[in-house]
Amino acid sequence: MKRLFFALLSLTFMLLAEQSQAQTLTVTTVTRPPFSYVEDGAQVGFSMDLLAALAESLSWDYEINRVEGFGDMLETVQNGTADLAIANISITATRETQMDFSQPIFESGLQIMIPSEAARSPSLLQALLSVELFIAIGLAFAILLGGGMLMWGFERRAQPYFDRKLNEAWFPSFWWALNLVVNGGFEERMPRTAFGRMLGVVLVVSSLFIVSVFTARITSVMTVEAISGSVNSVNDLYGKQVGTINGSTAASFLNRREIEFTGYEGLTELIAAFEAKDLDAVIFDAPILSYYATHEGRRIATTTGGVFLRENYGIAFPTGSPLVEEVNQALLALREDGTYDDIYRKWFGSRN
């Protein structure tokens, strides 16, 4: 009887083990190129390739449940409706209290993305075409023309050069004032009346200020454009229209730095706001922004500054999941046999 009992017990355990192996795992993910997205009906991306390699190593059958929101993905793990979740899931202390994680599968961080035109340095042509500079030039010309015509009024009967009718005198008078300012005057056309000489002295002295103001205006316009238009680091985000995704590590970082931002429910909404020029800068996961800036947004977006707030991505499991240990062992094996490096190079090139 004992032998029969142990035989039945062993058979039961074998059947349960086979059933467990044959079980189809539910894997939740969210669209985050280049980690997880659908292309021509296929599940593609770094995380999807890594999942396929793990499934082959562990003899898994699995089905993908792609949800709309990042929070929705994490919720399926927390409530146990998914066996695991994979995409670009940052391992954080808060999330560790709500779910279990595998060992890190990707080293990431945050980065800033800005419009391409904002990354260009202001040029001399941009400064010359500014409204403020046009106003300054217009005022300078008006002063020169007014001074020249005033000199014509004083000197038209005493100086042959100014002996012209009103409709013929405006340009020679302007030309005389311009040369007075630039060259210091004409000795052969020196004013002869007392008022004319006084005005000439005033114009010569003021010319020093006119030239210096003109030069300073070009410099100041270029400086203001450079300061107001560029975002090179986190410190430049204050006062700008900043966007990120609600509940992300980027949102937590911005809150800690007390930087005002607009939160969006998903990546699609965030990118749409950026493309609509509602945002001066986007702060989010570096590989996500880099992929967008070099693919769909290559003509309108660029990343700026270095990667900061380094973080690791992991695979999320319900708390106490028995899958964690076997996944960690399989990940180590994939790193040792080069499979992980092959997947990494496929999506991100060689690692530094």
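**Notebook: strands, a helix and a pocket**

I began with strand β1, residues 24–30, where 6 of the 7 residues are buried, so the strand is largely enclosed by the rest of the structure. I keep in mind that this is a predicted model.

Next I looked up the partners of β1. Which strand pairs with β1 over 7 bridges? I found β4, residues 61–67, and the pairing is parallel. Within that pairing, I noted Val27 opposite Ile64 of β4. I then checked β5, residues 84–85. This strand also runs parallel to β1, joined by 2 bridges. Here Thr28 stands opposite Ala85.

**Helix α2**

I compared the span of α2 with what its residue count predicts. The helix covers residues 46–58, and at 1.5 Å a residue its 13 residues should span 18 Å. The C-alpha atoms at its ends are 18 Å apart, so the two values agree.

I listed its buried residues next. They are Phe46, Ser47, Met48, Asp49, Leu50, Leu51, Ala53, Leu54 and Ala55. What follows α2? I found Ser59, and its phi is positive, near 60 degrees.

**A five-stranded sheet**

I traced an open sheet of 5 strands in the order β9-β8-β10-β7-β11. Its pairing is mixed. Which strands are at the edges? I noted β9 (262–264) and β11, each of which pairs on one side only. From one strand to the next, I read an average twist of 25 degrees.

Inside this sheet I picked out β8, residues 242–245. It runs parallel to β10, and 2 bridges join them. One residue I looked up was Gly243, whose bridge partner in β10 is Val282.

**The second largest pocket**

I turned to the second largest pocket, which holds about 450 Å³ of space. I counted 26 lining residues, and those closest to the centre are Phe70, Arg95, Gly247, Ser248 and Thr249.

Which element gives the most to this lining? I found that α3 does, with 5 residues. I also listed the elements that supply at least two residues each: α3 (70–78), α4 (93–96), α10 (249–256), β10 (281–285) and β11 (301–313). I see two sheet strands there, as β10 and β11 also belong to the open sheet.

How do the lining residues divide by type? I recorded 5 nonpolar, 13 polar and 8 charged residues.

Terms used
Residues numbered from 1 in each chain as written. Predicted model: local features only at pLDDT ≥ 70, side-chain atom pairs only at ≥ 80, totals over all residues. Heavy atoms only, no water. Helix = DSSP H or I, 4+ residues; strand = E, 2+ residues; numbered from the N terminus. Expected span 1.5 Å × (residues − 1). Buried < 20%, exposed > 50% of the residue type's maximum accessible area, 1.4 Å probe, protein only. 1 Å grid on protein atoms, 1.4 Å probe; cavity = no way out; pocket = protein on both sides within 12 Å on 5 of 7 lines; lining within 4 Å. Points joined across faces, edges and corners; volume = space filled by probe spheres on them. Nonpolar A, V, L, I, M, F, W, Y, C, P; charged D, E, K, R; others polar. Pairing = 2+ DSSP bridges. Axes fitted to C-alpha atoms, helices over the stretch in contact; angles between N-to-C directions.
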